[in-house]
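Subject: Structure handover

Hello,

Here is the structure I promised to pass on. My notes follow below it.

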Amino acid sequence: MAHKKIAMEHDKKIALVAHDNKKQDLVEWAKYNRDLLAHHDVYATGTTGQVLERELGFGITKLQSGPLGGDQQIGAKIASGEIDFLIFFWDPLEPMPHDPDVKALLRMAVVWNIPIACNRASADFMISSPLMDGEYDRLVPDYEGYRTREKARGEGAGQDAEDSAKGRA
């Protein structure tokens, strides 16, 4: 599959997300990295955004709580190029009733090749990277062929599900 370049500007669009048992860890990390985060556009879900805005002293774009659609909002922003970077402190030891949303969010980050940090150590390495303070061209598969495959095959929109059910996908 061919690739295309998507430019990340000097000021990155960073999503900060944390599960309940990891919120304090994310807040502590963000406070430690406040000056680095301050010149970027920061997005957060639910109460995490409220706490971060209060603790950091700068504006955070606040979305819904994760289980109420916030994870999906972040995923949609990734797909539309509105988020460049995901820091998601999730708790691997707690069952999550909205686990499908979490998996979908992580999948969007991988599909659109954005950096992901899922713990404090990876977040430290990413935020301190020299790539954070400049423009960066991220390579993303060119999905145009995937989007237009039905036209090329001459099949209807429902054909994918039918092919999948028959093992032809």
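In this predicted model, strand S5 is largely enclosed by the rest of the structure, because 5 of its 5 residues are buried. Phe85, Ile87 and Phe89 point one way from S5. Leu86 and Phe88 point the other way. All of these are buried.

S5 belongs to an open sheet of 5 strands. The order is S4-S3-S2-S5-S6, and the pairing is parallel. Strand S4 (61–63) and strand S6 (116–117) stand at the edges. Each has a single partner strand, so one side of each is left without a neighbour in the sheet.

What joins S5 (residues 85–89) to S6? There are 2 bridges, and the two strands run parallel. Leu86 stands opposite Ile116 in S6. Ile87 stands opposite Ala117 in S6.

S5 also pairs with S2, again in the parallel sense, over 5 bridges. Here Val17 stands opposite Phe88 in S5.

**Helices on the sheet**

Two helices to look at here. Helix H6 lies across S5 and S6. H6 runs at about 155° to S5.

Which strands of the sheet does helix H4 touch? H4 (residues 70–79) packs on the sheet and touches strand S2 (13–18), strand S3 (41–45), S4 and S5. The direction of H4 makes about 145° with that of S3.

Thr45 lies in strand S3. Its relative accessibility is 4%, so Thr45 counts as buried, the cut-off being under 20%. Leaving aside neighbours within four places in sequence, Thr45 is in contact with Leu16, Val17, Leu63, Gln64, Gly66, Gly70, Asp71 and Ile74.

**Helix H5**

Take Asp101 to begin with, which is found in helix H5 (residues 99–111). Is Asp101 buried or exposed? Asp101 is buried, with a relative accessible area of 17%. The C-alpha atoms of Asp101 and Pro67 are separated by 7.7 Å, and the two residues are 34 residues apart along the chain. Asp101 is in contact with Gly66, Asp71 and Gln72, leaving aside neighbours within four places in sequence.

Now Met108, which also has its place in helix H5. Met108 touches Gly75, Ile78 and Ala79, not counting residues up to four places away in sequence. Met108 and Ile78 are 30 residues apart in sequence. Their C-alpha atoms are 6.7 Å apart in space.

Past the helix, look at Asn113. Asn113 sits in the loop between H5 and S6. Its phi is positive, about 50°, although Asn113 is not a glycine. The relative accessible area of Asn113 is 37%, so Asn113 is partly exposed.

**The second largest pocket**

A word on the idea: rolling a probe the size of a water molecule over the atoms shows where empty space is left. The second largest pocket has a volume of about 200 Å³.

By class, that gives 8 nonpolar, 2 polar and 2 charged residues. Helix H6 (120–127) and strand S7 (136–141) each supply at least two residues of this lining.

**Whole chain**

Some totals to finish. The secondary structure comes to 9 helices and 7 strands. The chain has 169 residues, and buried residues make up 38% of them. Take the contacts in the chain with a separation of 6 or more: residues 24 or more positions apart account for 71% of these.

Best wishes

Notes
Residues are numbered from 1 along each chain as its sequence is written. This is a predicted model: local features need pLDDT of at least 70, side-chain atom pairs count only at pLDDT 80 or more; totals for chains, interfaces and linings use all residues. Side-chain values use heavy atoms; hydrogens and water are left out. On a 1 Å grid over the protein atoms alone, a cavity is a set of points where a 1.4 Å probe fits but cannot get out, and a pocket is an open set with protein on both sides within 12 Å along at least five of seven lines; lining residues have an atom within 4 Å of a point. Grid points are joined across faces, edges and corners, and a volume is the space filled by probe spheres set on the points. Helices (H or I, at least four residues) and strands (E, at least two) are DSSP runs, numbered from the N terminus. Ala, Val, Leu, Ile, Met, Phe, Trp, Tyr, Cys and Pro count as nonpolar, Asp, Glu, Lys and Arg as charged, and the others, Gly among them, as polar. Two strands pair if DSSP finds at least two bridges between them. Contact means heavy atoms within 4.5 Å. Axes are lines fitted to C-alpha atoms, for helices over the stretch in contact, and angles run from 0 to 180 degrees between N-to-C directions. Buried means under 20% relative accessible area, exposed over 50%, partly exposed in between (1.4 Å probe, protein chains only).
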